[in-house]
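Good morning, and thank you for coming.

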Amino acid sequence: MRGANALLGACGLAAFLALGEAVPRLGLVDEEYFPPTSRIADALAGELSDDAFWTALGDTLTGWAIGLVIAVSAGIVAGVLISVTPYLREATASTIEFLRPIPSVALIPLAVLLYGTELRSVLLLVVYASFWQVLVQVMYGVQDVDPVAEETARSYGLGTWARVRHVLWPTALPYVMTGVRLAAAVALILAVTAELVIGAPGLGARIAVAQTSQAVPEMYALVVVTGLLGLLINVGARTVERRALAWHQSVRGEVAV
Amino acid sequence: MLDVRGLKKVYEGSGRRVEAVRDLTFTVDAGELVCLVGPSGCGKTTLLKCVGGLLTPTAGEVLIGGRRVTGPPPDMAVVFQEYGRSLFPWMRVRENVELPLKQKKLTAARRRELVADALASVGLMDAAGAYPWQLSGGMQQRVAIARALAYEPRVLLMDEPFAAVDAQTRADLEDLVRGLWRQRGITILFVTHDIDEAVYLGERVLILSSSPTVVQEQLKVDLPADRDQLHTRVAPRFAELRTHVYEQIQAAKRGTPVADRLVKDLTDTPPPQ
C-alpha cells in the first residue's frame, strides 16, 4: 500500500515536471518569464557548482537555525512560567493576543532602522514570528496536565521542579513538538523574506539579484531550493517528533492488549 | 498509626457551600487492614485526600505515627483508582516504579533492588521494560501497587483501586493485596464502594454515612486470617457480615440507623480510646 502510494506520488511529480517543460515549449506562456523545467534544472546544476550559492545557503540556514533556537527556548521558558505562575496567565493573555497577530513583515522597517542589513535584522523577524507559535502551544500543553498524574506526583513527594520535569514537561511535549514544527516552517519563510526585502546575505538576497539581472532560470532554481529546504525541514521535524513521542497515543496508535 | 480526629471538609466556591465531610474520627492501628465503605458520593475520596495530605481539612486533624499531616507524608503511598492516568505513559514500568525513589535520594543500587523486589512481589518481573499502556488494566494496577510497595510506606492508602477492572482480575488483585499485607505488615486503609470486597479484605470495616459524612459504624470482621475467594465468600459468617454492612449502608442512605437485630452476634469494636 505504501509502495503504491509512493509510486503514485512519483508519477504525479513527473507529470508536473513534464507539464512545466511542455507549456513554455508549446508557446502557451512566454518562455522568457517561465522557462521550461529542463532550463531550470540546468540553472540549478549551475548554482550547485557555485561557491557563492553555498555561502548564501549557509547564511540562510544560520539565520533560520539561530532564530529558531532563540524562539523555541524563549517560547518554552515563557510558556511554562506564564502557565504555572498564578495570575500571570490572566495578566498576559490580552497582551499576547494583541502582539501575536502582528505580521512579522510589518516589523521590517524597524529591523532595518535597528540593524541595517545585518544578520540581526533577519533574527529579529524570525524570532518574532516563530516565538508565538511555540508560546501558544506550550501554554495549551501545560493546561493538559492530568490532575490524577499531578496528585500522584505530589503524593510521592515530588517537589515543584520534579513535577515540572517529570509530569508537566512530558505532558506538554507533544504540543511543544507541534509548536516547533510550525515555528521551523515560519522561521524559514521569514528568513528568506528578510533577505529578499532587506538584502541581508542569503538565498533571498540571491533571488533578488537574479531577478534584477534578468537571470530568470537561476531565479526559479533558487526558488526551488527554498521549497526543498522547507520540505526537508518538515520531514526532519516530523522524524524528531515521532522519536520523541513514541509513547504518545498519536504515534503509538491503538495497542492490542 | 493513623489517627483521624474530628475531620471536617467544606468546599466553598462560586456561592455554593458543600459540606462533604462533617465529623470523622477513627484510628487505624499499626499493621491493620481497614476498609472504608459508604454510599456513593459520601465523601470517601475527600477523606482520602485529606488523609494523604493532598487536601487541607477545614477542621480536625490527621496524625500518622503521632505526627500531624500537613502535606503528603513521606511514609505514605497512595494507589489511585484511575491507574491509566496515575501511571506515566512516557515512562516504562521500571521507571514508573523508580521515580518516587529518586525523590527519596536512594542510591542507584538500592533503587534497583527495591524496584525488582516490588515488581517480583506483584508478579510482573517480565514487564519491567514495557510501557504501562502495553499492559492490561489489571497489570497496570499491579504496577501502581508495585510503585507504592517500592516506596516502602508505613501506611498505604487505596482509593477504590479495583473499581475499574473486571470481576476475575478484581478477585486476583484482592488476594494479592491481602497476601502483601500479611507478608509485609503494612498498615492499609482501603476505600471501596463494594461491600463484599470490604468484608472479604478487611480486619475491620468502617461504614460511613451519606454526605455530610460521619462514621456510621465500626465493624470487626471476625473471619479467619486465611481467606480465599472460594470458601470465605460462601461462609455463613461472611454472609451475615455482608448483610449487616449492606443494611447499614441502606440505612445510611435513608439517614436512619437500623435497629440492630444482629447485635447479639456481631461484636462491634468499641470506639477508639
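**Annotated spans and a helix of chain B**

In an unreviewed entry, UniProt lists residues 2-235 of chain B as "domain: ABC transporter". Such positions are given in the numbering used here, feature names are shortened, and annotations may be inferred rather than shown by experiment. The model is predicted, with local features needing pLDDT of at least 70 and side-chain atom pairs pLDDT 80 or more, while totals for chains, interfaces and linings use all residues. Residues are numbered from 1 along each chain as its sequence is written, chains are lettered from A and ligands numbered from 1 in the order in which they are written, and side-chain values use heavy atoms, leaving out hydrogens and water.

The span 2-235 of chain B is 32% helix and 28% strand, and its end C-alpha atoms lie 31 Å apart. Helices here are DSSP runs of H or I, at least four residues, and strands are runs of E, at least two, numbered from the N terminus.

Within chain B, consider helix α5, residues 137-150. Eleven of the 14 residues of α5(B) are buried, among them G138(B), I145(B) and L149(B). Buried means under 20% relative accessible area, with exposed over 50% and partly exposed in between, using a 1.4 Å probe and protein chains only. After α5(B) comes E152(B), with a positive phi near 50 degrees.

Let us turn to L176(B), in helix α6, residues 167-184 of chain B. Is L176(B) buried or exposed? L176(B) counts as buried because its relative accessibility is 14%. Beyond its neighbours within four places in sequence, L176(B) is in contact (heavy atoms within 4.5 Å) with S121(B), V122(B), R142(B) and I145(B).

Conventions
The expected span of a helix is 1.5 Å times one less than its number of residues.
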